[in-house]
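Here is a short briefing to read alongside the coordinates. It starts with the core and then turns to the contact between the chains.

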Amino acid sequence: MLSHVKTAILILLLTSGVGVTVNAMRTTGKIEPSKFESKRPILPDATGGQANPTQPADGSGTQPAAPADPHVAVLSEVIAQFGQPNVYFVDARKPDEYAQGHIKGSINLPSTALFENIERVIQYVPQPDLVIVYCGGGNCEASHTVADALRNQFGYVNVKVYVKGWEELSTSPKFAELTEVGG
Amino acid sequence: MNNADTPTGVNYAPLSASPDSAWKPIVGHLCALGVSGFFFYFVYGKLMDPRQFAIDIGNYQLMSKYASACFAIVLPWWELGAALALLWPRTRPAGAILIGGMLLMFIGAVALAMSKGLDISCGCGGHGSGKAGWTTIGRNTLLLVGTCLSVLFMKRRATTAS
C-alpha cells in the first residue's frame, strides 16, 4: 500500500511540473494568477439606493450611511444610464436566458464561456467607457465573474456590477421600456 | 497452498478457483478504461480553455481567486497523470488513489456549492459544462465506483517468497 501512495505522490509531483511548464510556455490562454484577483463589491443598503455619505440614512445626523461602492450599480443608475453614449450593458447569463429577455442593446457575455465570446465586447466597447454587468441577481455569481475578468484580464477601467440584476429589473415599472426579447 | 507445497517456493496470492472469477479482470479493465476515458474527455476541455477553468474553480468560493488560478494550472495534469496510471495495471492502485481522492474532492465541492445556493457551472470539462448539481454528484459517484471496481477486480500478480 505504501508503495502505491509513493507512486501516487510521484505522479502528482511530475504532473505538477508538467503543468507549470506548459502554462509558462503558452502563448494563448496562459493563466496568470495575479490577474484573477476579485474586487467583490460591497452590497448596497437594504433600501436599494446608493448610500450617500453626506446624508445619514435616518436623517438624525448620528449614523453616517455607508460610502457608495464605485463598483456597484443600482436600479436608479441603470435607468439613468440607459441609452447614454459611452455606456454599455453586458449580460453575463447563459444565451438561452439572454434570448428570453435582456436590456436593450446589451451584449451577451456568458460567464461559462467568457474567453470564447470576449470578442463581442472587445470589438465594440472602448476600454475607458462605462460597462455595467448584470445577471440574474440574488446568488448569481456570473456578473461578478465577468466584471472581474473585464477589469483584470482585458483592461476595462470603469466596470460596475448591477448586483440585483434581472430579478429586480423585471419588477421595475421601466421594465418594458428597458428590455427586449430575442437575440 | 503454502511454501512447502510448491517445489519452486513461489507463493501465489490465491485466485478464486470458481469459473466466475474469469470475468472479474475483464470487468476491472473495462472499468479502468471507462473511468480513464471520462477523465481524458474532461481534461481536454480544461486544457483547451484553462482561463475559463480557473474562473470556474474560483466560482466555488473555496479559496482565493489567486489560489484557484494556481490550482487550475496543475489540476488538469493531475487528472491526466492519474487517468494514465489507472490504465496500466502496475500503477493502477496509485492511479485509483489519485482519482478516488479527486472525485471525493469534486463531490464535496459541488455539495458545498449547492448548500451555499451557488448557481455556477461545475467546471467539469472546461466551458460548456453543466451546472454544479445532483447530476454532477451522481456522475462522480459512478466514476468512483468504477475506480474501486477497477482495482478490486485486478488480476493479482505472483509474489516470490523472500
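In this predicted model, the largest nonpolar core has 71 residues. The residues with the most contacts inside this core are Val90(A), Val133(A), Val146(A) and Leu98(B).

**The core**
- Helix α3(B) gives the most to this core, supplying 11 residues.
- Leaving aside residues up to four places away in sequence, Val90(A) touches Val133(A) and Val146(A), and also Ser106(A), Ile107(A), Leu109(A), Val121(A) and Val131(A).
- As general background, nonpolar side chains in soluble globular proteins tend to be buried together.

**Where the chains meet**
- Chain B brings 35 residues to the contact and chain A brings 30 residues.
- On the side of chain B that touches chain A, α2 (50-58), α3 (65-87) and α4 each supply at least two residues.
- Helix α3(B) gives the most to that side, with 15 residues.
- By type, the residues on that side of chain B divide into 21 nonpolar, 10 polar and 4 charged.

**One helix pair across the contact**
- Helix α1 of chain A (residues 2-25) packs with helix α4 of chain B (residues 92-116) at an angle of about 65°, and their axes are 8 Å apart.
- The crossing of α1(A) past α4(B) is right-handed.
- From α1(A), His4(A), Val5(A), Thr7(A), Ala8(A), Ile11(A) and Leu12(A) take part, meeting Pro93(B), Ala94(B), Ile97(B) and Leu98(B) of α4(B).
- The residues of this helix contact comprise 8 nonpolar, 2 polar and no charged.

Key. Residues are numbered from 1 along each chain as its sequence is written. Chains are lettered from A and ligands numbered from 1 in the order in which they are written. This is a predicted model: local features need pLDDT of at least 70, side-chain atom pairs count only at pLDDT 80 or more; totals for chains, interfaces and linings use all residues. Axes are lines fitted to C-alpha atoms, for helices over the stretch in contact, and angles run from 0 to 180 degrees between N-to-C directions. Helices (H or I, at least four residues) and strands (E, at least two) are DSSP runs, numbered from the N terminus. A crossing is left-handed if the near helix is turned anticlockwise from the far one by less than a right angle, and right-handed if clockwise. Two residues are in contact if their C-beta atoms, placed from the backbone, lie within 7 Å. Ala, Val, Leu, Ile, Met, Phe, Trp, Tyr, Cys and Pro count as nonpolar, Asp, Glu, Lys and Arg as charged, and the others, Gly among them, as polar. A nonpolar core is a set of buried Ala, Val, Leu, Ile, Met, Phe, Trp, Tyr and Cys residues joined through C-beta atoms within 7 Å. A residue is buried if 20 or more other C-beta atoms lie within 10 Å of its own, exposed if 12 or fewer, and partly exposed in between; C-beta atoms are placed from the backbone.
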